[in-house]
Amino acid sequence: MSTVNDMAEMPVQLPREPANAAEARSRYFNSGNAFNIKLPPVPGRIFTDEPAQALALQQTGFINCDLSGELECAFPATTPLMLARYAVIKAGETLDTTLNNTASIWYVIKGRAGLTVGDEKASLGKGDVFLLPGGTPSAIAAAEDCVLWAVGNDPQLRFDQSVPRTGEAAAVRFVHYPAAEIEYQLGVVYGTNANASTSGHALIFSAEKTEAARNITPTMTLSLNTLKPKSSQPPHKHNSAAITLAVAGDPAYSMVADVKCDWSPWATLITPPAAKHSHHNDGDSRAEFLIVQDGGLYYHARTMGFEFY
Ligand SMILES: [Fe+2]
């Protein structure tokens, strides 16, 4: 018998006389000790060194915005369920972009390249957005020095030790959103009036396969948000984590949990789950920022928790 009186102090309980290996693998905890693991919170953070390193164009490869140390996570992660990274591809070189995630969302910061996804091909240019299905062989061949930004749900799959389904069973297909088409579609949105229940003019990216849910992947959402000169977004919060790429804004900043985060070119900002936040444009030109959230997951679980302050 245990000599510990408080159930919260008890060690794991093991099976007494397991009859086989499957029984031997069982473990037991109790209502006192099972729920007292303290995970470190998701920090508010703006990554500026990683984009600077990427734009220095030293070598072809990925530069992760990795907070796995602070998150006490065993694999690279920017938030518990998403990984943001910059990709550098030197002119004439090719980067394998086959990743272990359901999907990754990409933005071309600079350069021109050819993209191959399975047996499909596309030409990429600055400002293009594209969606890659995980597990499907893909590669980017740079015609000139390229820097891209990508967010995938790699940590979600690592957490669950799962692999993406591919081919006809894949959750997403390859989708290309060329820069000129994005600009046109954003113009259509600008031609309408924003009402009080929206937070400014934003273009939400979706795809044929996820149109019904209005998401870009089952668990992730992508939005190109804009702020007119000298304007700001009202403070709000949601339980989804957000990863934001600063596309344009001179000067612009975000308030995250009452901490001011100044934007710098192509910086990546983390908005932790349930943190109060707002984005601000102090400049004379339009601010633009690309936001990936694990919002599809929370929306499906009915736990989005969106509130204005
Ligand atoms: Fe938000």
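Phe130 counts as buried in this predicted model because its relative accessibility is 0%, with buried meaning under 20% relative accessible area (1.4 Å probe, protein chains only). Trp106 is buried too, at 1%. Residues are numbered from 1 along each chain as its sequence is written. Local features need pLDDT of at least 70, side-chain atom pairs count only at pLDDT 80 or more, totals for chains, interfaces and linings use all residues, and side-chain values use heavy atoms, leaving out hydrogens and water.

What about the rings? A pair of aromatic rings is described by the distance of the centres and the angle of the planes. Rings of Phe, Tyr and Trp (its six-membered ring) pair if their centres lie within 6.5 Å; planes under 30 degrees apart count as stacked, over 60 as edge-to-face and the rest as tilted. Searching the whole structure turns up six aromatic pairs. In one of them, Trp106 and Phe130 have ring centres 5.5 Å apart and planes at 10°, so this pair is stacked. Trp106 sits in strand E5 (residues 103-110) and Phe130 in strand E8 (residues 129-133), so to speak distant parts of the chain, 24 residues apart; strands are DSSP runs of at least two residues (E), numbered from the N terminus. Ring pairs also join Phe62 to Trp106 and Phe130 in a cluster.Tyr107 and Trp266 are both buried. Their ring centres lie 5.9 Å apart with planes at 35°, so that pair is tilted. Tyr107 belongs to strand E5, while Trp266 is in the loop between strand E18 (259-262) and strand E19 (268-271), 159 residues apart.

Charges turn up over rings as well: Lys260 lies over the face of Tyr253, 4.6 Å from the ring centre, and Arg286 over that of Tyr190, at 4.7 Å. To count, NZ of Lys or CZ of Arg must be within 6 Å of the ring centre and within 35 degrees of the ring normal.

Conventions
Helix = DSSP H or I, 4+ residues; strand = E, 2+ residues; numbered from the N terminus. Buried < 20%, exposed > 50% of the residue type's maximum accessible area, 1.4 Å probe, protein only.
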